[in-house]
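Here is a short briefing to read alongside the structure viewer. Keep the model open and follow along, topic by topic.

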Amino acid sequence: MPTDLTVVVLAAGGGTRMRSKTPKVLHQVAGRSMVGHVLTAVQALEPRRVVAVVGHQRELVGPHVEEQLPGVVLAVQEDQLGTGHALLVAMAAAGATSGTVVVAYGDTPLLAGESLQQFAAEHEAAQRAVSILSGVVDDPFGYGRVVRDAEGDVVAVVEEKDADADQREIREINSGIYALDAAFLADALPRIGNDNAKGEYYLTDVVHLAREAGLTVGAHVLEDVRQTEGANDRAQLAELGAELNRRILDRWMRAGVTVMDPATTWVDADVVLAQDVTLLPGVQLLGATVVGEDAVVGPDTTLKDCEIGAGARVVRTHGELAVVAQGATVGPFSYLRPGTHLGADGKIGAFVETKNARIGEGAKVPHLSYVGDAEIGEGTNIGAGTIFANYDGVAKHRTTVGRHARTGSNNTFVAPVHIGDGASTAGGTVVRRDVPPGALAVSSGPQRNIPGWAQTRRSGTPQAAAAEAAGDASHNDDPGVGDPGSAGAES
């Protein structure tokens, strides 16, 4: 590998065909911007310096590039006058006069670092002035052709419109990615002219200038030429996104992950999956999500920036910035909002929403509940239909429930409130005050039965007839006073 290496990433274009207020290179593919993918790839070269050429909407592109790769040099191309002019601006900013310069494009998200390593190493070993990263395609229409002599050296790059009949039959195309000798480049760039239909300065002219100076020009044929494809519009962006997702899934499947239905499974580039993870149909794993060994995710689940522990099970769930510890279960139809932390072997069940909540080891929130700004101790069971009322209209407050507590169904905890270890709450209770350890909290009145109500108030209806047939003729007013219990729903 070259030790004195400068990489230039061209990211100044407007991308008008995207028809978007977002700069073309900032459009997302597999959880990263297109230029973010390229910056990740070029880091595999371990370059001495990276220069990003920005122009159109540089107030957006520049900060994003600096965030993705701290220490990058930004070169501003005020007017987009072609690739040759962009490289001239970049070299002035870089100050590099020796070594190798690799030129890449900010809209090629499939580009792999390993391919760039092989390309740069071959260029250095061959001691060329110019190397072109090329590829052989079945249909070269629209691409510049790489023209070689009998010895295999590159003699020219001919654009489609300038090619003769024989040259149009050439299937080796120019990707636009170059490796160049910096000393040659310093001499050649100022001599590139703009005598063409667009009045622009084209980097392809360096091939002619190198040959004219008696220097070596070659091409490195990249077998996987799709890596060099760019996206000029939304349709091409979608195609590249689908292809990148296919490659990501293929890599994980070969690493021991089961993907039940690759056609409906999407995994971002920064997701990490352990061996023997199973992804069921309809899964989206986004951002920096991590899934542990033997975990099962899906079907129909979207997780962004989540951590799923070994052996956990997450089904039909939407989660973001949440942690599900080993052996825990979530879903179906759960919503894990940021700050959710479910402990080992815990449970968040059907139609449960959580936010900024720590649910302890073995604790359960099985059904139809909202748990916000809360802490639930280990082994505790939260009854069905429970609401943690965390907002008083001005500020958020926190509720804590102790270890091995049992709370009843249809409870409301009006924060801030504390339920002690081993405490219980009766069904329908509204908890406004702290509950001591081991105590039972009851806020509803005793049940009162009114006999004959259906026959009196619903006379002539099927309800009244059923009551009459059942012999409901009690004349005693049964107050129904007894142990209210916790009436919790547990599973």
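Strand E1 (5-11) is mostly covered in this predicted model, with 7 of its 7 residues buried.

**Strand E1 and its surroundings**

- E1 runs parallel to strand E6 (residues 100-105), and 6 bridges join the two.
- Helix H2 (residues 58-68) has Val61, Gly62, His64 and Val65 as its buried residues.
- As a general point, an α-helix has 3.6 residues a turn, so residues three or four places apart point the same way.
- The cover over the buried residues of H2 includes strand E1 (5-11) and strand E4 (49-54), along with strand E3 (32-33), helix H1 (34-42) and strand E5 (73-76).

- Val206 is found in helix H7, which spans residues 205-212.
- Is Val206 buried or exposed? Val206 is buried, because its relative accessible area is 0%, and the cut-off for buried is under 20%.
- Leaving aside residues up to four places away in sequence, Val206 touches Val130, Leu180, Phe184, Leu185 and Ile192.
- Leu189 is 17 residues from Val206 in sequence, while their C-alpha atoms are 7.6 Å apart in space.

- The protein chain is divided into domain 1 (5-228) and domain 2 (234-441).
- The C-alpha centres of the two domains lie 46 Å apart.
- How many residues of each domain are in contact with the other? The count is 16 residues of domain 1 and 12 residues of domain 2.
- About 1,200 Å² is buried between domain 1 and domain 2, and carbon and sulfur atoms give 58% of that area.
- Of the area that domain 1 buries against domain 2, Ala30, Leu110 and Arg226 supply 39%, more than any other three residues.
- There are 3 salt bridges between domain 1 and domain 2.
- On the side of domain 1 that touches domain 2, the elements giving two or more residues are strand E2 (28-29) and H1.
- Arg226 also has a salt-bridge partner: its side chain meets that of Glu243 at 3.5 Å, N to O.

**A three-stranded open sheet**

- The order E33-E36-E38 describes an open sheet of 3 strands with parallel pairing.
- Strand E33 (406-407) and strand E38 (440-441) stand at the edges with a single partner strand each, so one side of each is left without a neighbour in the sheet.
- E33 runs parallel to strand E36 (residues 424-425), and 2 bridges join them.
- Arg406 stands opposite Ser424 in E36.

**Backbone points to check**

- For background, most residues other than glycine have a negative phi, and most peptide bonds are trans.
- The peptide bond from Gly298 to Pro299 is cis, with omega near 0°.
- Pro299 sits in the loop between strand E18 (296-297) and strand E19 (301-304).
- Ala415 and Pro416 are likewise joined by a cis peptide bond, with omega about 0°.
- Pro416 is in the loop between strand E34 (412-414) and strand E35 (417-419).
- Asp294 is a residue other than glycine with a positive phi, near 70°.
- The loop between strand E17 (290-291) and E18 holds Asp294, and this residue is partly exposed, with a relative accessible area of 44%.
- Leu368 is not a glycine, yet its phi is positive at about 50°.
- Its place is the loop between strand E29 (364-367) and strand E30 (370-376).

Definitions and conventions: Residues numbered from 1 in each chain as written. Predicted model: local features only at pLDDT ≥ 70, side-chain atom pairs only at ≥ 80, totals over all residues. Heavy atoms only, no water. Helix = DSSP H or I, 4+ residues; strand = E, 2+ residues; numbered from the N terminus. Buried < 20%, exposed > 50% of the residue type's maximum accessible area, 1.4 Å probe, protein only. Contact = heavy atoms within 4.5 Å. Pairing = 2+ DSSP bridges. Domains from an automatic or database assignment. Buried area = accessible area lost by both parts, 1.4 Å probe. Salt bridge = Lys/Arg side-chain N within 4 Å of Asp/Glu carboxyl O.
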